[in-house]
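Hi everyone, thanks for coming. Let me put the structure up, and then I'll walk you through a few parts of it.

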There are 2 protein chains.
Amino acid sequence: MTPYLLVDEAKVRRNIDRLRAHLDAHGTPLRPHVKTAKSVDVARLLFDGGTGPITVSTLREAEAFADEGFTDIVYAVGIAPSKLDRVVALRRRGVDLVVLLDSVVQARAVAEASTASGIAIPALIEVDCDGHRGGVLPGSPEVTAIAAALAGAELRGVLAHAGESYFCYTRDALVKAAEAERAAAVRVAEDLRAAGFACPVVSIGSTPTAHAVADLTGVTEVRAGNFVFFDLVMAGIGVCSVDDIALSVVVTVIGHRPEKGWIMTDGGWMATSRDRGTSRQPTDQGYGLVAPLDGPPFPDLLMTDASQEHGILSMRPGSDRPLPDLPIGTQVRVLPNHACATAAQHDSYRLAGHAGTTWTRVNGW
Amino acid sequence: MTPYLLVDEAKVRRNIDRLRAHLDAHGTPLRPHVKTAKSVDVARLLFDGGTGPITVSTLREAEAFADEGFTDIVYAVGIAPSKLDRVVALRRRGVDLVVLLDSVVQARAVAEASTASGIAIPALIEVDCDGHRGGVLPGSPEVTAIAAALAGAELRGVLAHAGESYFCYTRDALVKAAEAERAAAVRVAEDLRAAGFACPVVSIGSTPTAHAVADLTGVTEVRAGNFVFFDLVMAGIGVCSVDDIALSVVVTVIGHRPEKGWIMTDGGWMATSRDRGTSRQPTDQGYGLVAPLDGPPFPDLLMTDASQEHGILSMRPGSDRPLPDLPIGTQVRVLPNHACATAAQHDSYRLAGHAGTTWTRVNGW
């Protein structure tokens with residue numbers, strides 16, 4: 001029953017193969033971020049049915065994926081000291097869970113938890129490569145101070161994420177963002193080594209930079225998450241085509257307001273999320289492009305507004321095309337602005353062409 | 001462990017008492033919309049521990065609340081014909097579930113499902129009082145055509161929702177929106193009666209208009225949902241004060257970027273939702289006002305940006321106050337733009353002052 005999430009498994013496989021081929025050419029391992037799909041079923045596709053190294057955004061993900069045999073995990077959100085008990089519990093289970101931090105305060109907390117538990121918790125130092133969020137600046141004296149404060153724990157290496165690459169609009173800008181991400185991480189790793197600290201891991205990545213990166217010298221692993229599904233934001237920055245988008249929300253037409261040029265559906269923001277990432281891009285796609293159940297989008301038809309459980313479909317402003325004829329009861333698909341946010345509104349996926357097959361998600365914290 | 005939803009039960013009770021007192025003065029029953037809290041525990045507070053008439057936004061809510069003894073339910077989203085099997089199943093269980101529609105096509109589908117099942121499904125005709133979404137226009141010939149097409153089902157009455165009242169900014173505008181909502185619904189009910197149709201129910205409401213309405217002549221019930229929690233959008237239009245907001249998201253400080261004026265937290269849009277309803281109001285509150293665990297908000301401190309699992313706190317643009325000193329590990333609360341959307345990112349509530357007590361939500365469809 002609508003609304004529900006629909007996944008095109010063939011497109012997921014194609015998207016995975018594309019990034020794998022790119023990174024294999026560089027000989028660099030992928031540590032996919034499972035925060036987008038939050039699904040063990042999708043993660044298995046990433047490893048040919050098996051398991052492998054993953055990145056998570058919550059400890060709930062770490063615990064759920066550990067239950068399914070994924071034991072090499074980076075928790076890529078700066079650690080809150082109160083969460084270290086759960087980290088220790090996972091490591092006691094044999095999970096190689098690695099935490100992230102960018103301050104001496106966090107490093108001391110990790111060292112104390114390591115001493116108290118008798119388990120040396122490994123940590124990556126977050127590197128700020130583009131001013132997007134957290135992280136230490138390359139060259140900052142904070143870097144070695146954090147490394148020193150980790151005595152008793154384990155300094156595993158460094159991690160950078162080029163969050164600003166989501167706002168690049170040319171191939172050249174993406175390549176530069178990828179190189180800046182690599183250079184910042186490698187610089188901090190080299191500074192640590194020069195100061196006498198082992199720094200085996202140099203982890204970089206985001207979906208845009210992972211696809212654009214031309215040089216991976218000094219990098220030991222690449223992270224990316226969104227690429228399994230892709231979305232309209234990624235299509236807007238040219239990382240994928242609309243045809244690559246593997247995720248959509250199926251909704252049903254429940255009414256018409258012809259005098260307003262509106263088609264009403266039973267899919268509102270509860271089903272799509274409030275994410276309007278394309279509103280900051282050159283082409284604003286509203287709440288999403290609208291497509292038939294099987295096939296490419298109707299030209300110029302957008303989901304233009306949303307209440308909690310109502311969607312409004314109308315033609316793109318300025319379009320001279322007529323509204324398509326979609327009678328009450330018709331099911332259509334809405335392609336998302338942001339796959340991570342849209343998927344998070346649901347607890348499972350249905351598979352296109354495989355009625356009854358569902359993949360579950362690991363929501364919550 | 002953060003992030004999590006926190007509810008102040010005393011404020012919920014105060015908010016309920018306020019609307020009850022207002023409607024009791026008019027002698028008009030309340031049919032609360034449970035779509036905001038989606039919680040049987042909150043619904044019981046609305047009925048002094050018992051049950052009563054409710055409005056739902058999904059059939060999942062209808063089924064879950066029916067399981068807990070709520071048997072008088074309006075499903076206030078235009079019915080998709082494919083959902084009528086679940087409607088019939090609920091009515092077979094003894095639930096007086098009423099559907100909503102605004103077209104002859106839907107009315108025929110409801111009549112056919114009634115005939116096929118031997119169960120007359122009751123329906124309300126949706127009335128458009130302000131151009132916000134769906135509904136028939138008062139005076140339209142569609143009104144009696146829909147009523148006629150329901151032969152074999154049951155015409156229960158009419159329903160209007162003043163969705164545009166969310167964009168009113170004066171008491172006078174709110175009172176006018178409430179009167180327009182009442183007048184439109186009563187007009188359609190009178191037209192139906194004049195055409196020989198029984199129209200026992202005249203249902204109106206939204207949180208802003210339910211609080212502003214001065215005349216309820218001809219109205220048999222008032223709906224409102226958001227008022228149990230309230231939020232910054234409601235405070236922005238003057239329906240409540242910031243102190244009335246009963247819902248917040250508890251997050252933990254995980255870092256600082258003093259050179260940018262940023263405090264980083266572990267609560268991103270996954271915890272708050274992407275809803276930025278106040279961005280269209282005179283005072284933009286970012287992703288929310290920030291408050292200590294117990295007490296009113298820090299002056300001028302906002303959650304100004306969000307990644308999936310990261311929040312950025314900073315001072316309101318133009319503020320000359322210093323950033324408060326919130327060390328790593330400090331827990332703070334973020335008051336939401338839109339309680340319905342923020343609560344939907346979680347599967348339960350924790351109760352302030354009652355460690356360990358949780359209320360569960362009914363998410364999904």
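Let's start in chain B, where a hairpin of four residues links β12(B) to β13(B); helices (H or I, at least four residues) and strands (E, at least two) are DSSP runs, numbered from the N terminus. A quick note before going on: this is a predicted model, where local features need pLDDT of at least 70, side-chain atom pairs count only at pLDDT 80 or more, and totals for chains, interfaces and linings use all residues. Residues are numbered from 1 along each chain as its sequence is written, with chains lettered from A and ligands numbered from 1 in the order in which they are written.

Leu302(B) sits opposite Ser314(B) of β13(B). Five of the six residues of β12(B), 301-306, are buried, so this strand is largely enclosed by the rest of the structure; buried asks for 20 or more other C-beta atoms within 10 Å of the residue's own, with C-beta atoms placed from the backbone.

Now, how many residues does each chain bring to the contact between B and A? Chain B brings 42 and chain A brings 42, counting residues as in contact if their C-beta atoms, placed from the backbone, lie within 7 Å. On the chain B side, the elements giving two or more residues include β3 (72-78) and α5 (104-117), while β9(B) gives the most, with four residues.

That's my tour, so over to you!

Key
Two residues are in contact if their C-beta atoms, placed from the backbone, lie within 7 Å. A residue is buried if 20 or more other C-beta atoms lie within 10 Å of its own, exposed if 12 or fewer, and partly exposed in between; C-beta atoms are placed from the backbone. Two strands pair if DSSP finds at least two bridges between them.
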